[in-house]
Amino acid sequence: MKRASNLLGKQMLLARRLCEAGCGFVTVSDCGWDMHSNENSPKHLGGMRWLGSQVDHAVAAFIQDVEERGLSDRILLVITGEMGRTPRINRGGGRDHWSNLTPLVLAGGGLKMGQIIGQSDRQGSQPASEPYDPTHLMSTVMHTLFDVGTLRVTRSVPREILTIAERGKPISGLA
């Protein structure tokens with residue numbers, strides 16, 4: 001059985017340290033989540049055994065670490081992918097790309113925590129409640145990081161940044 005590394009935990013520790021030192025944005029990317037059961041990924045969703053527990057541990061440790069250091073309101077953790085996975089397992093025992101739904105987890109940043117927002121249908125194939133798209137996520141992030149009213153009157157802010165902040169509405173229920 002393949003063993004998980006603690007690379008994700010090390011990356012998240014480094015991310016926390018960079019934020020603590022004043023870095024505004026940090027991206028941690030672990031590109032091992034393709035569960036197609038093809039030549040590039042383990043058969044029959046086998047990677048979930050080691051990847052799932054690695055993510056659970058790393059994220060829990062990160063959130064606890066940030067909270068213990070009093071940084072929960074200053075650091076926003078965003079966990080998402082570029083797309084979800086099909087509601088049905090494919091012939092190879094894996095899942096294919098599915099753009100209709102994708103997971104999104106937000107923690108910290110002064111947002112209201114401990115809730116589930118949104119719902120899928122029984123098959124996990126379509127939104128069953130108000131759908132959110134990338135503009136909602138970007139607006140939520142921008143409204144969390146910045147005072148949008150101040151951005152509007154600050155001449156040095158590129159118009160593109162203000163457009164991103166204003167284009168969508170933040171995800172309701174998080175403020």
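**Close-up views of a predicted model**

**Figure 1. Arg 16, a buried charged residue of the predicted model**. Arg 16 has a relative accessible area of 4% and is therefore buried, the cut-off being under 20%. Its side chain forms a salt bridge with that of Asp 65, at 2.6 Å from N to O. Asp 65 belongs to helix α2 and Arg 16 to helix α1, so this pair ties together parts of the chain that lie 49 residues apart in sequence. Asp 65 is also buried, because its relative accessibility is 17% and the limit is under 20%.

**Figure 2. The salt bridge between Arg 16 and Glu 20**. The side chains of Arg 16 and Glu 20 meet at 2.5 Å, N to O. Both residues lie in helix α1, four residues apart, so about one helical turn separates them. Glu 20 counts as partly exposed, with 37% relative accessibility, whereas Arg 16 is buried at 4%. Side chains of opposite charge can pair when their charged atoms come close.

**Figure 3. A network of salt bridges**. Which residues are linked in the network? They are Arg 16, Glu 20, Asp 65 and Arg 69. The structure as a whole holds seven salt bridges.

**Figure 4. The largest nonpolar core**. This core has 11 residues, among them Leu 8, Met 12, Cys 19, Phe 62 and Leu 71. Helices α1 (7-20) and α2 (47-68) each supply at least two of its residues. Which element gives the largest share? Helix α2 does, with four residues. A second, separate core has seven residues, including Leu 106, Leu 111, Ile 171 and Leu 174.

**Figure 5. Surroundings of Leu 71**. Leu 71 is a member of the largest nonpolar core. With neighbours within four places in sequence left aside, Leu 71 is in contact with Arg 16, Glu 20 and Val 66. Val 66 is another residue of that core, while Arg 16 and Glu 20 belong to the salt-bridge network.

**Figure 6. A nonpolar surface patch**. Leu 14, Leu 18, Val 26 and Val 28 make a patch of about 280 Å². Leu 18 is located in helix α1. Is Leu 18 buried or partly exposed? Its relative accessibility is 34%, so Leu 18 counts as partly exposed.

**Figure 7. Asn 90 in a loop between strands**. The loop that holds Asn 90 runs between β2 (84-85) and β3 (97-98). Asn 90 has a relative accessible area of 19% and is buried, because the cut-off is under 20%. The side chain of Asn 90 is joined to that of Asp 96 by a polar contact of 3.2 Å.

**Figure 8. The salt bridge between Arg 159 and Glu 166**. The closest N and O atoms of this pair are 4.0 Å apart. Arg 159 is exposed, with a relative accessible area of 55%. Glu 166 counts as partly exposed, at 33% relative accessibility.

**Figure 9. Lys 169 and its contacts**. Lys 169 lies in the segment that follows α5 (159-167). At 46% relative accessibility, Lys 169 is partly exposed. Its contacts, aside from neighbours within four places in sequence, are Glu 130, His 136 and Ser 139. Lys 169 and Leu 137 are 32 residues apart along the chain, and their C-alpha atoms are separated by 8.5 Å.

**Figure 10. The whole chain, for orientation**. The chain contains five helices and four strands. Their order along the sequence is α-α-β-β-β-β-α-α-α. Of the 175 residues, 27% are buried. Among contacts with a separation of 6 or more, 58% are between residues 24 or more positions apart.

Key:
Residues are numbered from 1 along each chain as its sequence is written. This is a predicted model: local features need pLDDT of at least 70, side-chain atom pairs count only at pLDDT 80 or more; totals for chains, interfaces and linings use all residues. Side-chain values use heavy atoms; hydrogens and water are left out. A nonpolar core is a set of buried Ala, Val, Leu, Ile, Met, Phe, Trp, Tyr and Cys residues joined through side-chain atoms within 4.5 Å. Buried means under 20% relative accessible area, exposed over 50%, partly exposed in between (1.4 Å probe, protein chains only). Contact means heavy atoms within 4.5 Å. A polar contact is a pair of N or O atoms within 3.5 Å; within protein, one must be able to donate a hydrogen and the other to accept it, and residues adjacent in sequence count only if both atoms are side-chain atoms. Patches are made of residues with over 30% relative accessible area and no salt bridge: like charges are joined within 9 Å, nonpolar side chains (Val, Leu, Ile, Met, Phe, Trp, Tyr) within 5 Å. Accessible areas come from the Shrake-Rupley method with a 1.4 Å probe; for residues, only the protein chains shown count as cover.
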